[in-house]
Amino acid sequence: ERRFVADASHELRTPLTNIEGYAEMLEEWAIKDPETARESVEAIREESRRMRHLAEELLALARGDEGAPLELKSQDLGAVAQEATRIARNAAGGKVTVEYALPEHKIIAVFDRSRVRQALSILLDNAVKYTPEGGEVRVWAHESDGQVGVTVRDTGVGIPEEELPRIFERFYRTDEARTRGGAGLGLAIARQIAESHGGTMEVRSTLGEVRSTQGKGSTFILQIPQNGPDH
């Protein structure tokens, strides 16, 4: 818990420092320079958005830690995966192909739609973010032996083998991720959501298996019990 608080404080300190710096600059001289003033205001807005996103992620983790009740209903997991894929495709703007493979039939399971939808959005956002332009992200839902799940596979940069065991840790970021911003909380939230349903979150990466195949991408698999937690 102490480490979590320390890491959260560290992540909040940077945007707060930047906002303070730009505000002081505006107060002292930049407000008299229209172009610099506009740049400063936009920077303050961007840092504020960053802080809001971080606060939302921290709140999601805190609620999960507290065991916030799930709104469990019997519903189509495939439909949720398809919706998340459609939104990710629109956000990608054609730079990356994002496709959903329709299953042969509906995949009905008991789960919290909003939370599973959040987990899938995190996986898709990561997949698109770390897949170079022209690459592909493939998504499909599946069921087997009382378990249901969604797989997100990309042709992105891949994850080094030594980092795979830590990829779901809070505030942990790979070398590639450190250059692209983010607090390293998304995958931790996704795993927490899977585990709150009595399920698991797995990752496999080609880069982790064969060093010469960097760029072949990663596969994330969210899997939960079909009849809901504790069944």
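**Helix packing and the nonpolar core**

Guide: In this predicted model, helix α3 passes helix α4 in a right-handed crossing.

Visitor: At what angle do α3 and α4 pack, and how far apart are their axes?

Guide: The angle is about 40°, and the axes lie 9 Å apart. Angles under 35 degrees count as roughly parallel and those from 65 to 115 as roughly perpendicular; α3 and α4 are therefore oblique to each other.

Visitor: Which residues of α3 and α4 meet?

Guide: From α3, which covers residues 77–92, the residues include L77, V80, A81, A84, I87 and A88. On the α4 side they meet R113, V116, R117, L120, L124 and V128.

Visitor: How many residues does α4 have, and which of them are buried?

Guide: Helix α4 has 17 residues and reaches 24 Å from its first C-alpha to its last, close to the 24 Å expected. Among its buried residues are V116, A119, L120, L123, L124, A127 and V128, together with R115, R117 and N126.

Visitor: Which residues have the most contacts inside the largest nonpolar core?

Guide: They are V98, L120, L123, L124 and V137, in a core of 48 residues. Helix α4, residues 113–129, supplies the largest share of this core, eight residues. A second, separate core has six residues, including I19, L26, A37 and M51.

Visitor: What does V98 touch beyond its neighbours within four places in sequence?

Guide: V98 is in contact with T85, A88, R89, A92, L124, V128 and V137.

Methods. Residues are numbered from 1 along each chain as its sequence is written. This is a predicted model: local features need pLDDT of at least 70, side-chain atom pairs count only at pLDDT 80 or more; totals for chains, interfaces and linings use all residues. Side-chain values use heavy atoms; hydrogens and water are left out. A nonpolar core is a set of buried Ala, Val, Leu, Ile, Met, Phe, Trp, Tyr and Cys residues joined through side-chain atoms within 4.5 Å. Buried means under 20% relative accessible area, exposed over 50%, partly exposed in between (1.4 Å probe, protein chains only). Helices (H or I, at least four residues) and strands (E, at least two) are DSSP runs, numbered from the N terminus. Contact means heavy atoms within 4.5 Å. The expected span of a helix is 1.5 Å times one less than its number of residues. Axes are lines fitted to C-alpha atoms, for helices over the stretch in contact, and angles run from 0 to 180 degrees between N-to-C directions. Angles under 35 degrees count as roughly parallel, over 145 as roughly antiparallel, 65 to 115 as roughly perpendicular and the rest as oblique. A crossing is left-handed if the near helix is turned anticlockwise from the far one by less than a right angle, and right-handed if clockwise.
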